[in-house]
Amino acid sequence: MNMETQLDPMKDDLPLMANTSYMLVKHYVLDLDVDFKSKVIEGSIVLFLETGGQYMRTSNAGKECCQSQFDETCKMGASEPCHIPMINVSTCSSKTDYNDFAVSRKEEETTSDENSNHSNNEQVSGISSSEDCCDIENHGNKDFLLVLDCCDLSVLKIEEVDVAAVSGIEKFTKSAKPTGVSKELENFRNRIVHELVTLPADHWKEQLSYFTHCSQAPGCGELLFSTGTWSLEIRKLGIQTPADFPHAIRIWYKTKPEGTSVTWTTDQSGRPCVYTMGSPINNRALFPCQEPPIALSTWQASVRTAAGFVVLMSGENSAEPVQLREGVLSWYYYVSMPMPASTFTIAVGCWQEVKQQSFKQTTAIETNTEFSLPSPQTDFRWREEICGHVEYPCRFQNPAARLQAVIPYRVFAPWCLMESCEEYLLQLIPQCLSAAYATLGTHPFSRLDVLIVPSNFSSLGMASPHIIFLSQSVLPGGRHLCGTRLCHEIAHAWFGLAIGARDWTEEWISEGFATFLEDIFWARAQQQLSHDEIKGQQELKALLRWRRLRDEVQNSEEELQVLRPKKENTGEFSESGASVVKYGLKAEKIFMQVHYLKGYFLLRSLARTIGEVSYLASLRKFVNKFHGQLILSQDFLSMLLEDFPKQKGSELTVENIFQNWLDTSGIPKLLPDQLVLLLESLLEEKTLCPRVLQYLERTYQLREQDAEVRHRWCELVIKHKYEPGYRDIERFLREDQAMGVYLYGELMVNEDAKQQELARKCFAEAQEHMDASSAKVVAEMLF
């Protein structure tokens, strides 16, 4: 059944349509123009593909790998290919001489590393016949469909790229280029792409250069396509398997002003800008792509815009603009670490770089080199390990990168906010980067840009590879909010980017860890505070978070409170690779904090159970093992509990954590410290009805908890004159005399006759056996 027809774009779940089991995009080359007058980004994207892991090449493989699970084109009835009236794409086409390896644009000289720091319901179609590609009765005759995630894009033309036309490229295949149009030539092109995408990591510069030249090669035949609400489907007539499908294709397209992957707006100085805002639909309205996290890819992009605009992007290099002609600049970025296409980020505006006097910046960085660094023994052990990710030039294997406490950074903002950025933000960045390094070790990314985004940005911050967006709201009012939010976003470099969730519904893996590490980083960044001041600050923050979580749980749908909504099916997808992000489009979910806060309290409880020092050491070990990979909750939990075998005999098991924390709604069963926080927050409430107190006692079995918890329970009983709890006070004053003195005072202060009588009765019974000093103090309270 057609999956797309089952999904209503106004409903809750976000479909991931790409058939990644059959073909995977390994590299994107974007070549785009940004037009602020029409609010359109237009150009081309070249996809370099490999066959996917589920593909089985057999003579009768049609049923397994050649049908589209979401084939909208079955409904179309034309018998001959109908070609779209094309705009003049020749004005956008590359004019490179394909027989020469000379780089055509200065910004694309990737071999030079000087700047590098290591609803679309229309059926636009070239697909003609349902019989050619969707013959349900005869699987063997169906054409293979490549399905990409796509929404609100005008796709103009798709063509196969003749990578064999690049002079010298045949060295990859160790065979001469076949002549004429033949099956051998098609196989030759696909072999070239295969060899190119599988070049070893130490050849990344050469690989990037070849990607550039192959992307500029001429087309060698248009492909047929169809767009649906959520997808773009592409086929080549007569090609029935992924292995035979072209492995390099070029898509000419333009965005639509209403597309929600980017926001067209003005900055705080009133100048036009456009940026990726972290839309629920991610980047599918910016370029056709494969959105499932498993589709890890690299990318490079050339972006042209009018002079005066600055292009910032998730890229390893600090791009410098190149003037192509009067009034037009080109910016070039690339990444060599494979990541999900959803992490691609761009911001184009009249941003100004915020710079500080050099002596101030030097002082800040030198000050922060005093932070404690990962121990030499630990670092040596890491160095000996082999990374578990796909091959790429990894910083964890780079000795210089492993010692870099502060990576190069820049700050950009509208001109009217430059002074505000200079006041705190510039000083905080090196402090927070050093604190993060002292906690987790090697920075996964080689550089960092920080941009103050327009005021319509819907959150305080967003992290992407090599770039962080911050709201202007973090700038005024001192260092605290700016510093904590910066620490949160820096933490995402490890959890959320370098280590990603294999299933997007487990977003707690990203946000829970970032919220927990935010406190650790910020504590290390505030060198002027004592240990007690830091702990007090963290306890207060925990209390505020607990109250926020409690309020959210009381006022939201239960299904949205579950951190692992797919439970035992988490990480599973269909045979084609397609899946859905459960509740990914539910509007209220975007503003919920439960995956931040519930995840934070889970990690905090684990740290308190294991011990913070040992826990952070285990986190560093986890980062070293899993960076560059996608994980599920059990990957982290299993490794953590294996590191602490003593916990296996307790109730702390992966299964129990799933049951108590991840697979259920509401607030989980709490540890004593967390119950203390809860009860202390409730003590601040003016009134609590007896029914609430009864529910509280039964839910958390407060009478069976430790003395700290029972003491707070007794305080609640006294404050709200909850008579069924008076026997708990009697027991406490009798059995916990070391902690009960304060309660006598509370019973008398309320000036309630029953409570005062209770205090005198308990004292009379216990006086004979009380410590003399305690008895004297209590007597003064009572009489």
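Which residues does G571 touch, not counting residues up to four places away in sequence? In this predicted model, the contacts of G571 are D503, K566 and L632. G571 sits in the loop between α12 (531–554) and β23 (579–581). Its relative accessible area is 18%, so G571 is buried, the cut-off being under 20%. G571 also lies 9.1 Å from I631, C-alpha to C-alpha. In sequence, G571 and I631 are 60 residues apart.

The mean pLDDT of the protein is 83. A pLDDT of 70 or more is reached by 82% of the residues. Two stretches stay under 50: residues 56–140 and residues 358–384. For residues 56–140, the model has 202 contacts beyond four places in sequence. For residues 358–384, the corresponding number is 31.

An open sheet of five strands was identified, with mixed pairing. The strand order is β17-β18-β19-β21-β20. The edges are formed by β17 (352–354) and β20 (461–464). Each of these two has a single partner strand, so one side of each is left without a neighbour in the sheet. On average, neighbouring strands of the sheet are turned by 25° against each other, direction ignored. Helix α9 (residues 418–440) packs on this sheet. The helix touches β17, β18, β19 and β21. The direction of α9 makes about 155° with that of β18.

Within the sheet, β19 (residues 448–452) and β21 (residues 467–470) run parallel. Four bridges join β19 to β21. L451 stands opposite F469 in β21. A further helix, α10 (residues 480–491), lies across β20 and β21. Helix α10 runs at about 145° to β21.

Strand β18 (residues 409–413) contains R410. R410 has a relative accessibility of 14% and therefore counts as buried.

A hairpin is formed by β14 and β15. Strand β14 (residues 322–325) and strand β15 (residues 328–340) run antiparallel. Three bridges join β14 to β15. R325 stands opposite V328 in β15. Two residues lie between the strands of the hairpin. In this hairpin, G327 takes a positive phi near 85°.

Helix α19 (residues 707–719) packs with helix α21 (residues 741–749) at an angle of about 10°. Their axes are 10 Å apart. The angle makes α19 roughly parallel to α21, because angles under 35 degrees count as such. On the α19 side, the contact is made by H711, C714, E715 and I718. On the α21 side, the contact is made by Y742, L743, E746 and L747. The residues of this contact divide into five nonpolar, one polar and two charged.

Technical notes: Residues are numbered from 1 along each chain as its sequence is written. This is a predicted model: local features need pLDDT of at least 70, side-chain atom pairs count only at pLDDT 80 or more; totals for chains, interfaces and linings use all residues. Side-chain values use heavy atoms; hydrogens and water are left out. pLDDT is the predictor's confidence in each residue, from 0 to 100. Contact means heavy atoms within 4.5 Å. Buried means under 20% relative accessible area, exposed over 50%, partly exposed in between (1.4 Å probe, protein chains only). Axes are lines fitted to C-alpha atoms, for helices over the stretch in contact, and angles run from 0 to 180 degrees between N-to-C directions. Angles under 35 degrees count as roughly parallel, over 145 as roughly antiparallel, 65 to 115 as roughly perpendicular and the rest as oblique. Ala, Val, Leu, Ile, Met, Phe, Trp, Tyr, Cys and Pro count as nonpolar, Asp, Glu, Lys and Arg as charged, and the others, Gly among them, as polar. Two strands pair if DSSP finds at least two bridges between them.
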